[in-house]
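I set down what I looked up, in the order in which I looked.

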Amino acid sequence: MATCQELQAEVADRLAAASAGERVVFAVGVAERLMRVQEALPAPDQAEYAIGLRPMLNALWEGALGNASAFGEIKHGLGEHLLSEYCHNDGQAGPGDADEPAAAAVLHTAVAYLFGAADPIAVVGSRGVEAAGERLNAVAELRRQLRDLALIGQHGASLRHARPGLDPDASARLHRALRVPLSTAEAPDA
């Protein structure tokens, strides 16, 4: 049985080998699952800032799966964050809602989508593992991430060209093949 560290290394290796488009789809899937956990909490326990990022997460799905018109909404959403009180250098003294796992995952995914940076993707994957909590849950999350990467890899040729935009039929095919399996709490079959 693989250790948590071995699984983390395998996820990191697969992400390093993936295209920018594949990495963004991976991150959007993790962010979606974290957002769904946040949305499932009783209303008084929900992080309002994180819940407010749902439109940007929906736009990230669209952009990651080939709808180039989502770029503006993602850019605008990230710009709002950068200009808000939630983007600060006050450490623990500042508002912390943007550091909540779902919020952080959405924001890091937006940076990766807009700028093609790989480092934020690793942060998103780590946030998913951290949110899983206990060691057994962390191992399950890492295995889930590996299965997700395998599923995403099956569509790698299309995803490499998703950011500049795909034709509507190709985008719809990617939505059917990836959005639901990567969004659900249950891992897709390997």
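**Entry 1: Helices H2 and H6**

I first listed the contacts between two helices: Val24, Ala27, Val28, Ala31, Leu34, Met35 and Gln38 of H2 meet Pro101, Ala102, Ala105, Val106, Thr109, Ala112 and Tyr113 of H6. I sorted the residues of this contact by kind and found 12 nonpolar, two polar and no charged. I note that the model is a predicted one.

Next I looked up the geometry. H2 spans residues 20-40 and H6 spans residues 101-115; they pack at an angle of about 160°, with their axes 8 Å apart. Because angles over 145 degrees count as roughly antiparallel, H2 is roughly antiparallel to H6. I recorded the crossing of H2 and H6 as left-handed.

**Entry 2: Aromatic pairs**

I searched the whole structure for aromatic pairs, and the search gave two. Phenylalanine 71 belongs to helix H5 (residues 70-83) and tyrosine 113 to helix H6, so the pair ties together parts that are 42 residues apart in sequence.

Are the two partners buried or exposed? Phenylalanine 71 has 29% relative accessibility and counts as partly exposed. Tyrosine 113 is buried, at a relative accessible area of 3%.

**Entry 3: Helix H4 and its surroundings**

I then turned to H4 (residues 54-64), which packs with H10 (residues 168-183) at an angle of about 140°, their axes being 11 Å apart. H4 and H10 are therefore oblique to each other. I found that H4 passes H10 in a right-handed crossing.

Which residues make this contact? Asn58, Trp61 and Glu62 in H4 meet His175, Leu178, Arg179, Leu182 and Ser183 in H10. I counted three nonpolar, three polar and two charged residues in the contact of H4 with H10.

I also checked how far H4 is covered, and eight of its 11 residues are buried. The buried residues are Arg54, Met56, Leu57, Ala59, Leu60, Trp61, Gly63 and Ala64. The buried residues of H4 pack against several helices, among them H2, H5, H6 and H10. Lastly, I noted that glycine 66 follows H4 and has a positive phi, near 105°.

Definitions and conventions
Residues are numbered from 1 along each chain as its sequence is written. This is a predicted model: local features need pLDDT of at least 70, side-chain atom pairs count only at pLDDT 80 or more; totals for chains, interfaces and linings use all residues. Side-chain values use heavy atoms; hydrogens and water are left out. Axes are lines fitted to C-alpha atoms, for helices over the stretch in contact, and angles run from 0 to 180 degrees between N-to-C directions. Helices (H or I, at least four residues) and strands (E, at least two) are DSSP runs, numbered from the N terminus. Angles under 35 degrees count as roughly parallel, over 145 as roughly antiparallel, 65 to 115 as roughly perpendicular and the rest as oblique. A crossing is left-handed if the near helix is turned anticlockwise from the far one by less than a right angle, and right-handed if clockwise. Contact means heavy atoms within 4.5 Å. Ala, Val, Leu, Ile, Met, Phe, Trp, Tyr, Cys and Pro count as nonpolar, Asp, Glu, Lys and Arg as charged, and the others, Gly among them, as polar. Rings of Phe, Tyr and Trp (its six-membered ring) pair if their centres lie within 6.5 Å; planes under 30 degrees apart count as stacked, over 60 as edge-to-face and the rest as tilted. Buried means under 20% relative accessible area, exposed over 50%, partly exposed in between (1.4 Å probe, protein chains only).
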